[in-house]
Amino acid sequence: MNSRERLLTAMTGGQPDQVPCTPDFSNMIPCRLTGKPFWDIYLHLDPPLWRAYLAAANHFGIDAWFYDGHLGFHHDATGVEYSHEIVARSEERLVQRTVITTPDGELTGETTYYVSDPPTPTEKLVKDLARDFPKLRHLFPVPTGYTTEPALRQKQEVGEHHAFGACIGYPGFQNWMGYMEGGVAPLVYAEMDCPAFLEEWRELHEKVVVTQMEMILDSGLFDYVLLGGSGSITLANPTLFDKYALPTLKKLTAMCKSAGVATMLHSCGKEAYLVQRAVEETDLNCINPLEIPPMGDCVLADIKQRYGDRIALMGNLHTTDIMLRGSVAQVEAAARQAIDDAAAGGGFILSTGDQCGRDTPDANIRKLVEVCENYGRYD
């Protein structure tokens with residue numbers, strides 16, 4: 001099998017020729033390998049992150065987890081304007097100020113771009129949910145159409161060797177905290193003080209992503225769709241997940257199942273409850289990264305025993321203790337243990353917890369590839 005065939009077979013619960021090797025290094029390692037300041041990639045798109053990731057995947061010979069395929073969505077954004085300005089600059093960082101002008105007023109924020117780390121929002125757009133919600137509505141326009149041009153260019157570069165995926169998010173605290181000054185805390189207060197705003201936000205967000213999914217499936221370009229929800233449980237709780245995220249996940253996965261397109265969900269941190277709900281309530285095909293305690297709450301062998309016949313699993317080597325700080329021998333032992341715990345019968349992709357660190361030794365990544373090629377063969 002080639003990488004595309006191997007990954008898609010495992011993702012949909014089948015048994016490929018060998019366990020796919022798909023460590024999570026979608027950000028820092030690809031940027032490091034370019035040799036450029038990280039702001040070149042994140043701010044100037046030189047190269048865009050998806051191209052840096054594809055180069056890194058080919059460099060290490062992994063089964064690429066390419067989920068950055070983009071349709072060009074069209075929107076009716078009448079009255080909404082974005083402006084960006086670099087307001088501070090040093091050898092270590094750039095600070096970009098963003099002003100979004102809407103028919104109901106302005107939203108302002110800042111993002112700090114680092115020379116050798118990913119960017120972070122250092123001022124978020126929404127300072128007071130009740131005051132700013134009329135402006136926030138304008139940031140969730142439902143797509144009115146799409147163009148395939150950007151996705152076709154990407155797919156040509158990815159080629160037939162790797163699976164070609166798209167990514168969309170879903171409602172919930174894990175997404176909305178990115179808009180809120182103060183992060184999760186003001187959302188918790190809003191749940192008590194003004195829940196109607198959160199329910200309207202959920203409805204707005206769902207309309208956007210359901211329409212995006214309709215267009216992704218209509219295009220016929222994608223092998224699978226990644227549902228991005230980092231911290232869905234960790235940044236909320238099971239009750240809030242069921243209230244704000246689960247209804248949309250049920251719709252999105254049902255749409256993909258009907259169209260014959262595989263789905264994968266990414267949610268770092270605590271995930272055991274999410275696995276259970278995904279199996280019981282959705283048509284999800286595969287879930288990752290199934291992080292071990294204390295980063296998460298998943299024991300791979302237990303998850304496999306409970307749910308491995310109903311959902312494919314992707315994970316779950318510790319990204320710091322094993323991948324970043326561990327020896328090659330420790331990486332090999334952990335990889336073999338993960339294969340022992342979850343590979344039987346297929347439906348398993350060897351991966352790591354969320355996001356390998358920038359300085360993860362190349363030898364440790366290459367060892368994962370070697371273990372899958374030698375120890376992870378099904379024949």
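How do the residues of the lining of the second largest pocket divide into nonpolar, polar and charged? I worked on a predicted model, where local features need pLDDT of at least 70, side-chain atom pairs count only at pLDDT 80 or more, and totals for chains, interfaces and linings use all residues. Residues are numbered from 1 along each chain as its sequence is written, and side-chain values use heavy atoms, with hydrogens and water left out.

**Entry 1, pocket.** I found eight nonpolar, three polar and two charged residues there. (Ala, Val, Leu, Ile, Met, Phe, Trp, Tyr, Cys and Pro count as nonpolar, Asp, Glu, Lys and Arg as charged, the others, Gly among them, as polar.) A pocket is an open set of points on a 1 Å grid over the protein atoms alone, with protein on both sides within 12 Å along at least five of seven lines; a cavity is a set where a 1.4 Å probe fits but cannot get out; lining residues have an atom within 4 Å of a point. I read a volume of about 170 Å³ for the second largest pocket. Of its 13 lining residues, Ile292, Asn316, Leu317, Ala334 and Asp341 are the closest to its centre. α14 gives the most to this lining, four residues. (Helices are DSSP runs of H or I, at least four residues; strands are E, at least two.)

I noted about 50 Å³ of space in the largest cavity. Phe241, Leu246 and Arg277 are among its lining residues. α10 (238-259) gives the most, with four.

**Entry 3, second largest cavity.** I noted about 30 Å³ here. Its lining includes Gly172, Phe241 and Tyr244. I counted no charged residues in it.

Technical notes. Points joined across faces, edges and corners; volume = space filled by probe spheres on them.
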